Every structure is written in C-alpha cells, then in structure tokens.
Amino acid sequence: MTDFRQQALDYHEFPTPGKMAVAVTTPANDSKDLALAYSPGVAEPVREIAANPNDAYRYTNKGNTVAVISNGTAILGLGNLGPLASKPVMEGKALLFKHFANIDATDIEVKHRTTEGFIDTVESIADTFGGINLEDIKAPECFEIEQALIERCQVPVFHDDQHGTAIVTAAGMLNALEIQGKQIDKATFVCLGAGAAAIACMTMLVKCGAQRENIYMLDRQGVIHTRREDLNEYKALFANNTDKRTLDDVIKDADVFLGLSGANLLSAEQVTLMAPNPVIFACSNPDPEIKPQLAHAVRNDIIMGTGRSDYPNQVNNVLCFPFIFRGALDVRASKINDEMKIAAVHAIAGIAKEAVPASVLAAYEGIDTMTFGAQYVLPKPMDPRLLPRIAQAVAQAAIDSGVAALTAVPDYSI
C-alpha cells in the first residue's frame, strides 16, 4: 500500500504536475493566423454571437465543453476537505471526459460562504460551457444546489455522485435480478446509507420498477421509518411504515443489499439471513461494506458487486457520465432528464448481455472470457461500445422528450 501511495503521488507530480493541459486547435504559425485568431479577426464572431447567442456553438468550443465543479464538501470517501483538496479529483474527472468521450472538461473549485453563494457562482459562469458536471458536494445541500442550477441554467446540469452512481447501479441491478430469477417489483431492497448517492440510486430503481414499500433505507440512526421526526425531506421519501429498526431486522429475507455507506458494515452472519439468490452491491470505496471473499464464503448463490476494479462487477460512474454528456452535448440538450437517464440504464444493461469484443479482454490481464452471468453483470469501462450505444440512446431520448435543440442523432459508428 505504501508503494501504491507513492506511485499515486508520482503519477500526479511527474513529468508535469496535474493531469490535464490546453491544446491549440487552429493554426497560429504566422501573422495572418494571429490576425484571425485575435485582433482584428476575432471581432467578426463577436458580432455574430452578440446578434445570435446560439452562434457561440458555431464559433467557439462551447458545444464540446463541460465544467467539472465542486466545493470539496464530500471528496470521495474522505469528507469535507475543502475546494482546493478536491482539485485532483476534478482534474481526474476532466481526464475521463477527454479520454472516454473526447469532451474538453475544465475543473473549477468554488469557495463560498453559503449554498446560495455557490449557486450564484455556478450560474454566473454556466454560459461559458456546454454542460455542468457537479461533483463531491455533500447532502442534503447537493439536492438544493442541483435543482436550483437546473432551473437557472440554459445548459444541462448533472450531479454525477447522485445520478451517475444511480444509472450504473440500476443497470447492474436489473441484470443481476434477471440472472437471479427475481422481478424488481417483487424484490425487497435494503439500502445501507442515506446520502446523495443512496437516495438517487433508490429513486432510479423506483423509476425502473422497485416498490417503495419494499425498500428499507438506513442511516446512522437505523431504519428510516415513518415515525421518525429527524428526517429531511429527501430521506422522508423513503420512510417505511415498519416496526423494523436495525440492519439485522431488515436484512432477513431481503433480496437485495445496496451499500453506499462505509467499510465492513455488513457481516457474514447477516448475509446468511438474506433470501435465496440474493444480490449484494457493496459500493463503499475504497473498502466495501463486506469483502466479496467473505460473502462468497458463506453463500454460493449470491451476485456480488463493488466499487472496486479488482473485483468482478465494478459499479463505476465512468460507465456512464462521459457518454451521457456526449449525447446531451451533441443534440444541445437543455437538461439531462429522467428519459435520458433511463435510456442510459438500458443501454448499459444491454451491452453486458452481448459478446465481449477481443479488445476488451486484451485490456484486462488474466481474464480470458467475460460472459453475461453472476461474474459479469456490467460492461467494463474500456468497452468501446459504451460511447456509441449510450450517447446514441441519450441523444435520441433528449430529442424524443423535447429537450434537444438539434433533431438529428450523430452517427457514432464513425
């Protein structure tokens, strides 16, 4: 672990500090180029954009840009360490946007005194970009922030900790339940954690068919139930009318355990209490709620997923957010709505059911085969089908739901 820590620090420091740089996309080789790039030539697109703001998409890079914005109040699993400490994560997100979807992303870390101050700052700069990716903002403020910015901004705003996690979780969950012979509308869910990601995941699963009365969500005080008086409006959506109060109470005969909480909070004994053929997504990072080897030691009928790349069935946001923004940007969507999110869910789930390209197997050392089943319910991040399939599905959903300014889906097969 010490060696890995040093490797991570060296990766971020050498050969140049950070992970991103700016590239010039037009010639700048002689005096004529400079006259076109800046004064006097730059005055011409300025006049065009002043007359028609949409021409910013013709004459600037706006249509291929995303701002990755954080206040550093919920950095990974590390907590509230401040805006500047979030910069390596935001740079990393920008790297993923570029690498997987060729989107030019800029990290922005915001220092503010109030939630409204953060909202005002982001609103003020939003028109610079084609989209806004919010990141690592703690609950419940993140809900207020995202909703306010969706209402105030003319470009899509997407809090990836909520919706990216929810989309990938739902895709994997639909496949896992199918493999286990369970129906989502009949399944009993236990969700350990009640933060932004947990609430978004369960909200998305409800949209995919899960029944609220079959959902037991737990926070640090135990089961979220209808007689509690300490619930914010977001947790209250998942208050169950039940006498059950603890994880031991609700895990018995549960079909699904979803963990978005902390390390080692689900015991092997609790796994033995679950219904036949259960699904366990233990997504706390870097250490899951239960290690897969421990869960498999007591049950041979489970499907297990984590947030880690060194175990099968990694539930990872990178499977969706670059491609969702790719589709949204390409049809100039004004928002990323439920129809677009659900289209992404089904696109991701569908890819896992198909034969895996040889290039994907080659990218994962020691893996000779991947076949839809208990060890493979989600595609791998290096799968080249993610970009065309998800972007196309999202773009089409944006058009069909009326939030796209353009009405032609690009040909992503090129």
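**View 1. Arg212 and the ring of Phe238 in a predicted model.** The charged end of Arg212 is placed over the Phe238 ring, at 4.8 Å from its centre; a charge sits over a ring if NZ of Lys or CZ of Arg is within 6 Å of the ring centre and within 35 degrees of the ring normal. In this predicted model, local features need pLDDT of at least 70 and side-chain atom pairs count only at pLDDT 80 or more, whereas totals for chains, interfaces and linings use all residues. Residues are numbered from 1 along each chain as its sequence is written, and side-chain values use heavy atoms, without hydrogens and water.

**View 2. The aromatic pair Phe97 and Phe321.** Five aromatic pairs are found in the whole structure (Phe, Tyr or six-membered Trp rings with centres within 6.5 Å; planes under 30 degrees apart are stacked, over 60 edge-to-face, the rest tilted). Phe97 and Phe321 form an edge-to-face pair, because their ring centres are 4.9 Å apart and their planes lie at 70 degrees. Phe97 and Phe321 are both buried (under 20% relative accessible area, 1.4 Å probe, protein chains only). Ring pairs join Phe97, Phe158, Phe321 and Phe325 in a cluster. Lys93 lies over the face of Phe321, 4.2 Å from the ring centre.

**View 3. The polar contact of Asn64 with Arg326.** The side chains of Asn64 and Arg326 make a polar contact at 2.8 Å (a pair of N or O atoms within 3.5 Å; within protein, one able to donate a hydrogen and the other to accept it, and residues adjacent in sequence counting only if both atoms are side-chain atoms).

Terms used: Buried means under 20% relative accessible area, exposed over 50%, partly exposed in between (1.4 Å probe, protein chains only).
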